[in-house]
Amino acid sequence: MSSGSARAANPPLLDPFLASGHPLHTRTLTLELHQEGAALRADGTILDLRKCGFVPTGGDLQSAGVVHHMHWRAWVDDPSGRITTLEIAQPVVAIERSAASGGECCRDPAPRLQTLVGSAFDAGFAKRLAGAFGGPLGCSHLLTLGQALGALVPSVLGDPARAAELRGHGERVAKRTLVLDGFERANGVLEIAIQLADYRLAPQASAPDLISRLGLARELRVLGEVAARDMQLLSLRAAARERSAAQLDAAWRSLDGAVAPLAGDSALRGMAARIRARMSALPESEEYALLGEALLNFAPALIQCMPALSHRLGAFVARVATSRDIEAPSAEASAMLTSGGMPDSCYMWRIGSAANRSRGI
């Protein structure tokens with residue numbers, strides 16, 4: 001068999017999920033659970049790295065580099081899931097306190113999260129979190145972290161096998177990472193690539209070597225194409241696999257059929273509702289739960305990519321002023337590219353805030 005025939009018979013494993021284009025932005029969410037006696041310590045970190053571009057926002061020009069770095073640390077009673085202590089840190093925020101911000105800062109709403117102390121990471125946590133910190137009450141990035149922890153912690157607490165395991169103080173029990181990368185192609189298409197990895201770790205005392213610490217790794221890949229002009233989701237693909245210390249070379253399985261119906265609508269407006277509806281129509285499984293979590297982060301990642309498109313700024317502003325231009329961008333795209341978040345998307349962009357008044361809203 002010729003080398004060409006061999007390549008045709010054995011195509012590269014990752015070909016369907018190789019994103020292409022100019023790098024715009026990377027968002028990472030890292031969640032870790034450590035056993036500390038009768039408690040779990042739950043840590044969550046979100047980091048946004050803008051790779052190019054700038055956006056005039058909050059009375060200043062925000063450029064490339066780290067634009068968000070925020071952290072949750074919660075001590076959780078085991079096995080009730082009740083939060084006993086909560087610490088929040090925001091080393092890097094989008095808008096610092098200044099005259100232009102009316103003396104306000106992205107850190108201002110964080111104390112609201114203390115109302116969650118005493119409540120549990122359970123089926124009602126997401127609703128309580130949204131009620132205390134959603135939209136104009138809080139920070140969308142800390143909200144995203146809280147939602148991610150709210151999905152991970154119950155799945156670990158509810159694992160019956162873990163109750164019989166002996167863990168050393170401070171030993172890591174589980175880790176979940178979500179990495180979202182944005183790219184721009186020359187044809188005006190944006191690509192959002194998502195990688196989710198969910199690790200469950202065997203007890204150190206029972207692991208003869210480091211590889212044996214890998215109890216189970218669930219992995220997902222998602223690749224979506226979005227039209228930059230109107231934010232329409234053009235296509236969506238997904239794949240999954242499970243690996244363990246005993247089986248490190250498990251094959252990827254296509255989940256295209258689960259996600260393809262989401263294409264054809266806006267990648268921003270109404271996407272979360274469509275994702276939830278689609279996931280509820282699928283059989284209940286841990287794999288689809290993880291897929292839903294990954295997909296719900298698609299639109300936030302896309303939003304973070306918009307300021308990196310500052311090379312389009314002049315054309316976008318001109319098109320907004322010429323409504324007859326068939327190439328005019330959507331209102332969502334224009335707002336995020338030229339001045340920041342959508343009104344009421346967070347505390348700093350709430351209706352009536354200094355940040356919104358500075359852009360005439």
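Before I turn to the structure, one definition: Ala, Val, Leu, Ile, Met, Phe, Trp, Tyr, Cys and Pro count here as nonpolar, Asp, Glu, Lys and Arg as charged, and the others, Gly among them, as polar. With those classes in hand, please keep in mind throughout that what we are looking at is a predicted model.

Let me begin with the chain as a whole. Its secondary structure comes to ten helices and nine strands, and of its 361 residues, 49% count as buried. If we take the contacts with a separation of 6 or more, 62% of them are accounted for by residues 24 or more positions apart.

I would like to start with the second largest pocket, which holds about 240 Å³ of space. There are 18 residues lining this pocket, and the closest to its centre are D60, Q62, V93, A94 and I95. Which element gives the most to that lining? It is strand β3, residues 60–77, which contributes eight residues. Sorted by the classes I opened with, the lining of the second largest pocket has nine nonpolar, seven polar and two charged residues.

Staying with strand β3, I want to point out R73, which has its place in that strand. R73 has a relative accessible area of 28% and is therefore described as partly exposed. Leaving aside its neighbours within four places in sequence, R73 is in contact with R41, A42 and D43, and also with T85, L86 and E87. The C-alpha atom of R73 is separated by 6.5 Å from that of G44, although these two residues are 29 apart along the chain.

In the loop between β3 and β4 we find P79, and the peptide bond that leads from D78 to P79 is cis, with omega near 20 degrees. Strand β4 itself covers residues 83–92, and Q90 has its place there.

Now let me move along the chain to the cavity. The structure holds one cavity of 30 Å³ or more, and the largest cavity has a volume of about 60 Å³. Its lining is made by R218, E219, L220, A240, R241, E242, E287 and L290, and the elements that give two or more residues to it are β7 (214–227), β8 (233–243) and α6. By class, the lining of this cavity divides into three nonpolar, no polar and five charged residues.

Between β7 and β8 there is a loop in which M231 is found. M231 has a positive phi of about 65 degrees although it is not a glycine, and at 1% relative accessibility it counts as buried.

Two packed helices are described by the angle between their axes and the distance between the axes. What is the angle at which α5 and α6 cross? The axes of helix α5, residues 271–280, and helix α6, residues 286–296, come within 10 Å and cross at roughly 170 degrees. Angles over 145 degrees count as roughly antiparallel, and α5 and α6 are therefore roughly antiparallel to each other. In this contact A272, I275, R276 and M279 of α5 meet Y288, L291, G292, L295 and L296 of α6, and these residues divide into seven nonpolar, one polar and one charged.

On to the next pair: the axes of α6 and helix α7, residues 298–305, come within 4 Å and cross at roughly 25 degrees. Since angles under 35 degrees count as roughly parallel, α6 and α7 are therefore roughly parallel to each other. Here A294, L295 and L296 in α6 meet F298, A299 and P300 in α7, and the contact divides into six nonpolar, no polar and no charged residues.

How many of the eight residues of α7 are buried? Six of them are, so helix α7 is largely enclosed by the rest of the structure; the buried ones are F298, A299, A301, L302, Q304 and C305.

My last stop is D344, in the loop between α9 (331–338) and α10 (354–357). Phi of D344 is near 70 degrees, a positive value in a residue other than glycine, and at 33% relative accessibility D344 counts as partly exposed.

Terms used. Residues are numbered from 1 along each chain as its sequence is written. This is a predicted model: local features need pLDDT of at least 70, side-chain atom pairs count only at pLDDT 80 or more; totals for chains, interfaces and linings use all residues. Side-chain values use heavy atoms; hydrogens and water are left out. On a 1 Å grid over the protein atoms alone, a cavity is a set of points where a 1.4 Å probe fits but cannot get out, and a pocket is an open set with protein on both sides within 12 Å along at least five of seven lines; lining residues have an atom within 4 Å of a point. Grid points are joined across faces, edges and corners, and a volume is the space filled by probe spheres set on the points. Axes are lines fitted to C-alpha atoms, for helices over the stretch in contact, and angles run from 0 to 180 degrees between N-to-C directions. Angles under 35 degrees count as roughly parallel, over 145 as roughly antiparallel, 65 to 115 as roughly perpendicular and the rest as oblique. Contact means heavy atoms within 4.5 Å. Buried means under 20% relative accessible area, exposed over 50%, partly exposed in between (1.4 Å probe, protein chains only).
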